[in-house]
Amino acid sequence: MVKFKALALFLIVLLFAVSCKEVPASIKLKIEFENKLNQDLSKIYGIQVYKDGKIFKKFSSFEKPYIRKEITLDSLTKGTYKFVYENLVNQTLQKTIEVKDNKIYNISIYPDYSNYRDLINKSFIINLGENQKVEFYFESLGCFHSAKESVIITKKGKVYYAEIKGQSKKLSKEQLEALIKMECELELIKYGSCTTSDHYVVKAGKKEKEFYDESCKWNGWINMSKKLN
């Protein structure tokens, strides 16, 4: 009976010790999108993880370990972890987290986020005056498709309108922001080697801007069109 009590006491102490044992630190990385209409993970080509300035792990769209909507890094030691990735307009962005305690750290990245507001003062739409117009012309050419579309933006008072295929519609704040974002992000497109080439021309009076997107991942016109329905 004494031996049984001693054994039971030992098991209780052992279970208590196991339950109190610290769980190693971990980081849960979530990949989220500001644009809920377009959440394509295949457009994110790579995520590099650095620990204290040295490469720790790499995730890719093309080889293991693959990029997933949620990525967990387990059994981490203390240090500074930095997540580096390219957004959809080829800007290199990063998020840093300091691991100090044995707990779960949560972090999110947004591949469709960009620093486009740094260019907002150059926007033709932002500088649009009364009874003036901004014209967007879009042409897409690929191996198996071709498309041409246009949108004309006008302003009356404080209200903005979009003319599409001869029909005019009042723009909501969200729709106007989608147009401004597309215009500004055109300035950020750097390079691409896709077989599809998207050609943009933006006009305002005698001013004109021209851009080519061969990235096959930004899809600025498509995303804007979805917002405008």
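Visitor: How much space lies in the second largest pocket?
Guide: First, a word on the source: this is a predicted model, where local features need pLDDT of at least 70, side-chain atom pairs count only at pLDDT 80 or more, and totals for chains, interfaces and linings use all residues. Residues are numbered from 1 along each chain as its sequence is written, and side-chain values use heavy atoms, with hydrogens and water left out. A pocket here is an open set of points on a 1 Å grid over the protein atoms alone, where a 1.4 Å probe fits, with protein on both sides within 12 Å along at least five of seven lines. Counting the space filled by probe spheres set on the points, joined across faces, edges and corners, the second largest pocket comes to about 250 Å³.

Visitor: Which elements give two or more residues to the lining of that second largest pocket?
Guide: Lining residues have an atom within 4 Å of a point, and there are 14 of them here, with Glu149, Ser150, Val151, Ile164 and Lys165 nearest the centre. Helices (H or I, at least four residues) and strands (E, at least two) are DSSP runs, numbered from the N terminus. Those giving two or more residues to this lining are strand S9 (146-156), strand S10 (159-164) and H3.

Visitor: And which helix gives the most to the lining of the largest pocket?
Guide: The largest pocket holds about 370 Å³ of space, and Asn35, Lys181, Glu185, Asn223 and Lys227 are the closest to its centre among 22 lining residues. Helix H2 (173-186) and helix H3 (220-228) each supply at least two residues. The top contributor, with 6 residues, is H2.

Visitor: What is the bridge partner of glutamine 48 in S3?
Guide: Strand S2 (residues 46-51) pairs with S3 in the antiparallel sense over 6 bridges. Across from glutamine 48, the S3 partner is lysine 58.

Visitor: Is aspartate 198 buried or exposed?
Guide: Aspartate 198 lies in strand S12 (residues 197-204). Buried means under 20% relative accessible area, exposed over 50%, partly exposed in between (1.4 Å probe, protein chains only). At 9%, aspartate 198 is buried.

Conventions
Pairing = 2+ DSSP bridges.
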